[in-house]
Amino acid sequence: MYWNGGWAWMAFMPLLWIALIALAVWAVIRLTHGASGGTSGHSRGWADSEPRETPEEILDRRYASGDIGTDAYTEAREHLSAHRPRPR
């Protein structure tokens, strides 16, 4: 009496488990990598709430730490000021 359609449930149950496991894996990846769903950085989640450094700040930091010399610093500063995007 209860065996009518039993083969359909036997075929459906593995698909259901695969879908549930895939959903759990997706949720773990989504929660651990932020709201962007990846590492592209286009969408910023709560973990990335600190402001990004400007190119000038990066240049200043590299000069202060001794990564670049004075000539390279002044040349890069001039280049950045000449190619600064205009505000809209």
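## Exercises on contacts and surface

Arg77 comes out as partly exposed, with 26% relative accessibility. That value belongs to a predicted model, so keep this in mind as you work through the tasks.

**Exercise 1.** Work out which residue forms a salt bridge with Arg77, and where the two partners sit.

*Solution.* 
- Step 1: look for a carboxyl oxygen within 4 Å of a side-chain nitrogen of Arg77.
- Step 2: Arg77 lies in helix H3 (residues 70-82) and Asp60 in helix H2 (residues 55-65). They are 17 residues apart, so the pair links distant parts of the chain.

**Exercise 2.** Find how many salt bridges the structure holds, and describe the one formed by Arg61.

*Solution.* 
- Step 1: the count is two salt bridges.
- Step 2: Arg61 pairs with Glu53, and their closest N and O atoms are 3.0 Å apart. As background, side chains of opposite charge can pair when their charged atoms come close.
- Step 3: now the accessibility. Arg61 has a relative accessible area of 44%, so Arg61 is partly exposed. Glu53, at 41%, is partly exposed too.

**Exercise 3.** Count the aromatic pairs and decide whether the rings of Tyr63 and Tyr73 are stacked or edge-to-face.

*Solution.* 
- Step 1: the count comes to one aromatic pair.
- Step 2: the ring centres of Tyr63 and Tyr73 are 4.4 Å apart and the planes meet at 20°. Planes under 30 degrees apart count as stacked, so this pair is stacked.
- Step 3: Tyr63 is in helix H2 and Tyr73 in helix H3, ten residues apart, so this pair links distant parts of the chain.
- Step 4: compare the two with the burial cut-off, under 20%. Tyr73 is buried, at 17% relative accessibility, whereas Tyr63 is partly exposed, at 33%.

**Exercise 4.** Say what kind of surface patch Ile21 belongs to, and whether Ile21 is buried or exposed.

*Solution.* 
- Step 1: Ile21 sits in helix H1 (residues 6-32).
- Step 2: the relative accessible area of Ile21 is 52%, and the cut-off for exposed is over 50%, so Ile21 is exposed.
- Step 3: Ile21 is part of a nonpolar patch on the surface, whose members include Trp9, Phe12, Met13, Trp17 and Trp26. Together the patch residues have about 1100 Å² of accessible area.

Terms used:
Residues numbered from 1 in each chain as written. Predicted model: local features only at pLDDT ≥ 70, side-chain atom pairs only at ≥ 80, totals over all residues. Heavy atoms only, no water. Buried < 20%, exposed > 50% of the residue type's maximum accessible area, 1.4 Å probe, protein only. Helix = DSSP H or I, 4+ residues; strand = E, 2+ residues; numbered from the N terminus. Patch = residues over 30% accessible without salt bridge, like charges linked within 9 Å, V, L, I, M, F, W, Y side chains within 5 Å. Areas by Shrake-Rupley, 256 points an atom, 1.4 Å probe, with all protein chains shown as cover. Phe/Tyr/Trp six-rings, centres within 6.5 Å; stacked < 30°, edge-to-face > 60°.
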